[in-house]
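Trainee: I would like to go through this model with you. Let us start with the overall make-up and then look at single residues.

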Amino acid sequence: VYEPTSEALTIDVTSKVDYLFGEAIERAVRRVADAFTLITGRLTVKDAGALEWVILARVECCLRRAGLEGPPVLPEPAPGADAPRSRDRLRRSRLYIPGNQPKLMISGGLYGADGIILDLEDSVPPAEKDAARLLVRNALVALDWGASERMVRVNQGAIGEEDLASIAAHNPHTVLLPKVEDPSQVGRAAEILRGLVGEDAAFLMPILESPGGIHRAFDIAAADTSVVALTLGLEDLSAELAAPRTSAGWESFLARQTTVYAARAAGVQPIASVFSDIEDEGALAAYVQRERGLGFDGVGCIHPRQIPVVHREMTPSDAEAERAVRVVRAARQAEEKGLGAVAVGSKMVDPPVVKQAFRTVDLAVAGGVLAEDWDSLSE
């Protein structure tokens with residue numbers, strides 16, 4: 001809490017770990033105060049064991065809410081903060097983490113999800129949007145999520161543009177755009193990001209959550225070269241359709257197929273909606289099997305326990321992997337010989353089948369069906 005006074009600045013810190021970190025906490029608070037050239041008033045901090053990057057964000061938010069201005073105050077970057085992004089990486093699973101819950105962010109990289117989504121939209125109450133934005137910005141700098149893709153779901157409209165401005169320079173790999181109904185929304189987000197950081201801006205994943213969005217799915221998926229995937233939100237879509245979401249999913253069948261077709265036509269990945277029942281692993285497995293069968297490359301997760309189930313069900317069988325390896329090897333042999341056609345045994349294989357075989361091999365390696373050095377093993 002900041003109380004303006006005419007007296008010299010005082011900082012009062014109470015913490016349950018004061019005997020260990022009291023001085024470090026005060027240094028972090030003073031860093032923000034100095035950045036804001038704050039020399040008068042009273043700052044009262046009650047700490048329950050937060051890490052420095054959280055303290056920095058909390059104090060900065062407090063001062064901004066008090067009407068004070070200053071530059072962003074960032075933590076020291078983690079070793080993985082500069083992890084490179086990849087357009088065509090695996091996106092079998094993406095785990096949503098509320099952007100106002102730093103304690104959940106800290107362990108995000110331990111779960112093995114292909115992507116971690118720091119969420120600034122639906123999971124954050126309106127009154128906490130500004131605080132969550134600073135927490136997510138600092139988390140992008142201070143946390144290492146290992147091999148997981150660094151993702152952020154921003155808000156719509158003007159609040160979303162503030163989100164983009166806050167995170168753009170801190171290496172978000174992919175930004176999820178909610179409730180997209182028109183290609184111009186994608187173009188606007190891409191324009192903002194490039195204006196902030198140039199051509200090395202984050203990739204985009206539009207989310208279709210309304211009949212209008214589904215109707216314009218291809219135009220949205222093809223709206224900008226920064227789009228790498230297209231997904232949909234079935235909870236909001238079902239509400240707009242006035243058709244309760246069911247386990248059979250017939251109420252959303254057309255929307256799901258449209259999303260897959262639009263994504264494939266635009267050359268981006270189709271990603272399925274989340275599965276909301278975290279207790280029923282059998283139903284989750286059936287859901288993933290069904291969505292994979294429709295052509296989706298991955299699904300959303302709202303709890304870490306869903307990740308291994310998703311990965312298991314997205315992994316090709318031994319037979320599928322074996323067929324894919326044969327196609328990949330045949331394609332490489334044809335390329336070495338300068339041949340335009342690929343033959344597996346007596347059958348010719350079309351380029352789309354070859355492309356899918358390479359993806360199947362990647363999935364099989366990621367799922368442990370194939371060894372990473374499978375290519376060095378004899379046929």
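Trainee: How many helices and strands does the protein have?

Mentor: This is a predicted model, in which local features need pLDDT of at least 70 and side-chain atom pairs count only at pLDDT 80 or more, while totals for chains, interfaces and linings use all residues. Residues are numbered from 1 along each chain as its sequence is written, and side-chain values use heavy atoms, with hydrogens and water left out. Helices (H or I, at least four residues) and strands (E, at least two) are DSSP runs numbered from the N terminus. The protein has 14 helices and 13 strands.

Trainee: What share of the residues in the protein is buried?

Mentor: Buried means under 20% relative accessible area, exposed over 50%, and partly exposed in between (1.4 Å probe, protein chains only). Of the 379 residues, the buried ones make up 50%.

Trainee: Is Asp 114 buried or exposed?

Mentor: Asp 114 sits in the loop between helix H3 (102-106) and strand S5 (115-119). Its contacts (heavy atoms within 4.5 Å), leaving aside neighbours within four places in sequence, include Arg 89, Arg 91, Glu 149 and His 311. Because its relative accessible area is 8%, Asp 114 is buried.

Trainee: Which residues does Ala 331 touch, not counting those up to four places away in sequence?

Mentor: Ala 331 belongs to helix H13 (residues 318-336). With 10% relative accessibility, Ala 331 counts as buried. The residues it touches, beyond those up to four places away in sequence, are Val 342, Val 354 and Phe 358.
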